[in-house]
Amino acid sequence: MIFRQILGYTHPLRFTTDKVLFINDTDIKLQYGGEKHRSNTPFPYLRATPLLWQKGVQQLDISIGTYENCLTLFEVEQKNAELPFDVAAACFFLATRYEEYWPHKPDEHGRYRAEDSTAFKHHFLQKPMVNIWANQLKKIVCGIFPHASFTEQQYWFLPTFDIDSAYAFRLKGTRRTLLASASDLLNKRQNNNLQRWQTLLWDGNDPFDTYELIEQIHESYSPKPIFFWLLANYSKFDKNINYLNKDFQELIRRIAHQHISGIHPSYFSSERTNVLKEEKKRLEEIVNQTIIHSRQHYLRLQIPETYRQLMAEGIQADFTMGYSSQIGFRASLCTPFLWYDIENERITPLKIYPFAVMDVTMQQYMQLSPAEALTQTKAIIQEVKAVGGMFCSLFHNESLSEYGVWRGWVKFYKDMVAAAVS
């Protein structure tokens with residue numbers, strides 16, 4: 001089904017284990033697994049490994065090879081097969097995040113580490129391998145069946161923003177403002193304090209108020225950015241404006257009038273009963289519409305628990321599929337896809353939108369300059385364009401503030417958008 005979605009295959013699909021029916025069929029057909037059947041008409045044959053016949057999750061030995069200058073997983077003896085690897089098993093393993101079900105040591109925020117992934121260890125994290133392999137399979141099918149019908153896959157750019165802190169200084173309340181000011185004094189952050197009081201006392205511009213700039217950058221392009229709002233109770237990791245603040249609510253409504261809004265479930269939402277339900281309800285009441293889009297705060301994604309929780313609360317599209325410490329393709333895909341629940345062996349209605357680059361990843365984790373980040377981002381954009389996929393970016397309103405560590409990143413973002421839409 002992933003192949004069908006990626007490639008836009010338009011013919012009806014039938015699956016059969018009836019050897020006679022398969023051999024006698026003269027339409028487009030493909031054999032996967034077993035020894036190749038004899039037939040009067042040619043057809044592609046793919047040799048299989050045991051993975052797709054297994055139930056649940058098991059430890060696997062993954063053999064590595066190459067084909068047409070691309071790395072491959074699940075090598076097989078080619079022997080009459082079109083490919084020297086089990087392409088279906090390879091795609092299933094990566095797209096389902098099979099390895100994240102295995103025992104692993106999470107990072108300090110409970111997240112699966114990019115550095116533990118097969119893609120990172122074998123240096124293909126920045127390539128959408130599932131899309132690449134799918135296109136190789138399409139080439140094989142069309143070589144044997146020139147009349148096979150595929151819709152042309154169109155590249156597209158989807159910008160997204162997480163609003164973790166709507167303002168740097170405004171609407172924080174007296175207690176938070178005084179405590180923050182005292183902290184700046186103790187730590188000799190005079191410029192920070194000066195900016196705070198200029199903003200609050202003399203109606204200065206709040207550095208994180210970059211919403212008009214975001215509108216200006218994207219006004220000529222489609223689709224428009226999606227905004228994810230953190231509406232959590234205050235905690236060590238959740239420090240947005242109080243969701244009851246009328247000015248904050250008005251900001252959300254103004255943005256939601258022009259853009260899709262999604263919930264940004266709080267740091268502890270997956271660990272505390274009914275927190276996600278309550279935060280989603282808050283956003284729905286503010287914007288007066290049903291919320292079906294979501295992205296986890298801090299990218300705290302635990303598979304399969306997080307996805308099951310999201311579906312239980314009516315979320316239909318999740319945008320968390322990406323890593324915090326490395327840019328690239330966590331599921332080796334640059335196409336939205338339906339999540340497959342391995343433990344329950346079923347395709348779910350939850351659509352996953354994988355992102356490829358995040359501002360914090362490049363600035364904080366990888367410690368790239370804006371120029372270095374742009375070079376790597378452009379390379380990823382080219383990979384996505386080559387397979388007709390979706391380039392999804394994750395930014396925050398504060399990263400376009402030209403404030404503190406974010407000096408120089410407005411130019412990066414404008415240049416990235418220009419490269420993404422060209």
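Me: What makes Arg97 buried?
Reply: Arg97 has a relative accessible area of 1%. The term applies under 20%, so Arg97 is buried. This value, like every other one here, is computed from a predicted model.

Me: Where is Arg97 found, and between which helices?
Reply: Arg97 lies in the loop that runs between α3 (87–95) and α4 (118–121). Its phi is positive, at about 60 degrees, although Arg97 is not a glycine. Such a value deserves mention because most residues other than glycine have a negative phi.

Me: Why is Glu68 called partly exposed?
Reply: The relative accessible area of Glu68 is 46%. Buried residues are under 20% and exposed ones over 50%; Glu68 falls in between and is therefore partly exposed. Glu68 also has a positive phi, near 50 degrees, and its place is the loop between β3 (64–67) and β4 (70–73).

Me: Is Gln382 buried, exposed or partly exposed, and how is that known?
Reply: Gln382 has 46% relative accessibility. That value lies between the 20% and 50% limits, so Gln382 counts as partly exposed. Gln382 belongs to helix α13 (residues 370–386).

Me: How do you know that the peptide bond from Ser222 to Pro223 is cis?
Reply: The omega of this bond is near 0 degrees, and the bond is cis. Pro223 sits in the loop between α8 (211–218) and β6 (226–229). Pro304 is in the loop between β8 (293–294) and α11 (305–312). Most peptide bonds are trans.

Me: What makes α8 roughly parallel to α14?
Reply: α8 and helix α14 (residues 409–421) pack at an angle of about 25 degrees, and their axes are 11 Å apart. Angles under 35 degrees count as roughly parallel, so this term describes α8 and α14. Their crossing is right-handed. In the contact, Leu213, Ile217 and His218 of α8 meet Val410, Tyr413, Lys414 and Val417 of α14. By class, this contact has five nonpolar residues, one polar residue and one charged residue.

Me: Why are α9 and α10 called roughly perpendicular to each other?
Reply: The axes of helix α9 (residues 246–258) and helix α10 (residues 275–287) cross at roughly 70 degrees and come within 9 Å. The range for roughly perpendicular is 65 to 115 degrees; α9 and α10 are therefore given that term. From α9, the contact is made by Gln249, Ile252, Arg253 and Ala256, and from α10 by Leu283, Ile286 and Val287. These residues divide into five nonpolar, one polar and one charged.

Me: Which residues touch the most other members of the largest nonpolar core?
Reply: They are Trp229, Phe391 and Met416, in a core of 122 residues. Leaving aside residues up to four places away in sequence, Trp229 touches a set that includes Ile163, Phe248, Leu251, Ile252, Ile255 and Leu283. In soluble globular proteins, nonpolar side chains tend to be buried together.

Methods. Residues numbered from 1 in each chain as written. Predicted model: local features only at pLDDT ≥ 70, side-chain atom pairs only at ≥ 80, totals over all residues. Heavy atoms only, no water. Core = buried A, V, L, I, M, F, W, Y, C linked by side-chain atoms within 4.5 Å. Buried < 20%, exposed > 50% of the residue type's maximum accessible area, 1.4 Å probe, protein only. Contact = heavy atoms within 4.5 Å. Helix = DSSP H or I, 4+ residues; strand = E, 2+ residues; numbered from the N terminus. Axes fitted to C-alpha atoms, helices over the stretch in contact; angles between N-to-C directions. Parallel < 35°, antiparallel > 145°, perpendicular 65-115°, else oblique. Left-handed = near helix turned anticlockwise from the far one by under 90°. Nonpolar A, V, L, I, M, F, W, Y, C, P; charged D, E, K, R; others polar.
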